[in-house]
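Dear colleague,

Please find the structure we discussed placed directly below.

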Amino acid sequence: MILVTGGAGYIGSHTVLTLLEAGQDVLVLDNFCNANKKSLERVSALTGREVPWVEGDIRDAALLDDVFSQHEIDSVIHFAGLKAVGESVQKPLDYFDNNVNGTLVLCSAMSRADVKKIVFSSSATVYGDPASVPIRENFPTAATNPYGRSKLMVEEILQDLAVSDPQWRISVLRYFNPVGAHDSGMIGEDPNGIPNNLVPFVSQVAIGRREVLSVFGNDYDTTDGTGVRDYIHVTDLAKGHLMALDYLSRHDGVHTFNLGTGKGYSVLEVVQAFEKASDRKVAYEFHPRRAGDIARCYADPAHAEEVLGWTAEFDIEKMMVDTWRWQQKNPNGYSDSTLS
Ligand code: NAD
Ligand code: WQD
């Protein structure tokens with residue numbers, strides 16, 4: 001059985017669905033600080049399988065000991081954590097406690113239970129402002145904010161752990177920009193309050209929840225002056241976790257992979273793709289650059305292809321069509337959705 005921490009969240013719920021469809025058994029551990037239980041109910045409805053879950057915090061060592069002793073867990077996919085860059089600058093201690101201390105408590109409990117296989121959610125943010133693109137896994141790492149630092153610290157902790165005990169099997173997955181939703185439109189990203197990320201914001205403008213998109217910067221050295229990113233469909237990302245876990249059944253040590261498409265799209269290209277997918281206009285206005293943003297960031301995903309056999313299947317069009325389907329079926333996210 002696979003323990004999925006943060007399994008009720010955006011990427012976690014899509015991964016749980018993929019795991020269940022592949023016939024795996026899962027147990028979700030989530031404190032629901034940024035998730036709705038409906039996501040798990042929907043995964044259950046979509047797969048026709050029960051989704052067992054425990055409400056709790058990864059920083060609760062006693063709870064983790066109970067979870068590991070009561071269930072036959074052989075591996076962990078670790079999504080749980082806080083992820084808002086701006087908030088991390090305001091509340092660094094919360095971020096280090098959740099993301100770094102939380103992972104320490106989790107790994108210690110795993111060690112006590114002799115469960116030494118983990119897939120960790122890292123981020124392209126660990127490359128800081130890369131000297132060139134596309135970005136390969138051996139590029140230098142750097143962090144520009146507490147969130148990014150928390151990811152880097154965990155990566156380093158996991159490296160040290162593997163050195164200390166060769167039984168550990170660890171995969172570090174560096175996601176680029178996850179977007180989209182399951183193509184049923186039943187699960188998707190449901191940000192609290194004003195979305196920080198581009199695609200949820202664009203989608204909320206299209207549905208009429210927000211008036212106008214602020215485009216942060218049109219003076220970057222890119223094709224149209226706006227920032228370029230590697231958007232990756234969440235279902236492709238979910239599949240990457242399955243393949244990383246499978247790889248760990250055959251390999252020990254730490255294995256780090258970029259999960260991206262290898263293609264970069266500007267903010268205006270994303271707006272255009274969304275307008276086409278939704279057949280709605282997305283009003284936008286230019287604003288100054290957002291602090292900490294970089295001009296361009298996209299992956300060289302060749303390592304994941306060569307080693308895991310993983311490549312992204314879905315293009316930007318499908319990412320936007322699926323986001324729009326989710327948004328239309330759930331205009332206010334999970335909270336007051338009329339879907340069961
Ligand atoms: P999310 O907020 O939707 O999911 C995180 C889940 O973890 C939520 O369900 C939340 O309730 C839970 N959680 C948070 N702290 C917890 C704790 N202490 N104990 C138990 N549960 C806890 O975020 P997501 O977009 O699904 O991201 C999943 C992971 O991927 C995170 O680690 C994030 O940093 C990483 N990541 C996300 C992105 C992105 O853009 N979405 C990009 C790169 C990396
Ligand atoms: C994309 C582009 C913005 C919002 C962040 C984290 C990263 C990772 C993914 C977790 C940029 C522009 C955005 C808006 C805009 N998360 N934009 N108007 O910044 O690439 O990455 O999420 O690990 O760590 O930093 O993603 O979606 O916020 O921005 O113009 O309202 O859209 O400037 O060029 P980002 P994003």
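In these notes, a residue is called buried if its relative accessible area is under 20%, exposed if it is over 50%, and partly exposed in between, using a 1.4 Å probe and the protein chains only. This is a predicted model, in which local features need pLDDT of at least 70 and side-chain atom pairs count only at pLDDT 80 or more, while totals for chains, interfaces and linings use all residues. Residues are numbered from 1 along each chain as its sequence is written, chains are lettered from A and ligands numbered from 1 in the order in which they are written, and side-chain values use heavy atoms, with hydrogens and water left out.

Ligand 1

The shell around ligand 1 holds 27 residues, and Ile11, Asp30, Asn34, Asn98 and Tyr147 are the closest of them. A residue belongs to such a shell if one of its heavy atoms lies within 4 Å of the ligand. Sorted by class, this shell contains 12 nonpolar, 10 polar and 5 charged residues. For this count, Ala, Val, Leu, Ile, Met, Phe, Trp, Tyr, Cys and Pro are nonpolar, Asp, Glu, Lys and Arg are charged, and the others, Gly among them, are polar.

At least two shell residues come from each of α1 (10–21), β5 (117–123) and α6 (146–164); the largest share, 3 residues, is that of β5. Helices (H or I, at least four residues) and strands (E, at least two) are DSSP runs, numbered from the N terminus.

With Cys33 the contact is made by a polar backbone atom, at 3.1 Å. On its own, ligand 1 has 820 Å² of accessible area, of which the protein covers 96%. Accessible areas were computed by the Shrake-Rupley method with a 1.4 Å probe; for residues, only the protein chains shown count as cover.

Ligand 2

Ligand 2 is surrounded by 18 residues, with Tyr147, Leu198, Ser214, Arg229 and Asp293 the closest. Its shell comprises 8 nonpolar, 7 polar and 3 charged residues. Strand β8 (residues 213–216) provides the largest share, 4 residues.

Tyr147 places a polar side-chain atom 2.5 Å from an oxygen atom of ligand 2. An N or O atom in the side chain of Ser123 is 2.9 Å from an oxygen atom of the ligand, and a polar backbone atom of Asn196 is 3.4 Å from one. The protein covers 88% of the 680 Å² of accessible area that ligand 2 has on its own.

Salt bridges

A salt bridge is taken as a side-chain nitrogen of Lys or Arg within 4 Å of a carboxyl oxygen of Asp or Glu, and by this rule the count is 20. One of them joins the side chains of Asp57 and Arg59, at 2.7 Å from N to O. Asp57 is buried, with a relative accessible area of 18%, whereas Arg59 is partly exposed at 29%.

Lys239 takes part in a salt bridge with Asp236, their closest N and O atoms being 3.9 Å apart. Both residues lie in helix α8 (residues 234–248), 3 residues apart, about one turn of the helix. Asp236 is buried at 1% relative accessibility, and Lys239 is partly exposed at 26%. The side chain of Lys239 also meets that of Glu313 in a salt bridge of 3.6 Å, N to O. This pair links distant parts of the chain, 74 residues apart, with Glu313 in the loop between α10 (302–308) and α11 (316–329). Glu313 is exposed, with a relative accessible area of 56%.

Asp183, Lys318, Asp322 and Arg325 are linked in a network of salt bridges.

Cysteines

How many disulfides are there? Counting pairs of cysteine sulfur atoms within 2.5 Å, the total is 0 disulfides. Cys107 is in no disulfide, and the nearest cysteine sulfur, that of Cys33, is 18 Å away. Cys107 is buried at 8% relative accessibility, and Cys297 is buried with a relative accessible area of 6%.

With kind regards

Terms used
Polar contact = N/O pair within 3.5 Å; in protein donor to acceptor, adjacent residues only side chain to side chain.
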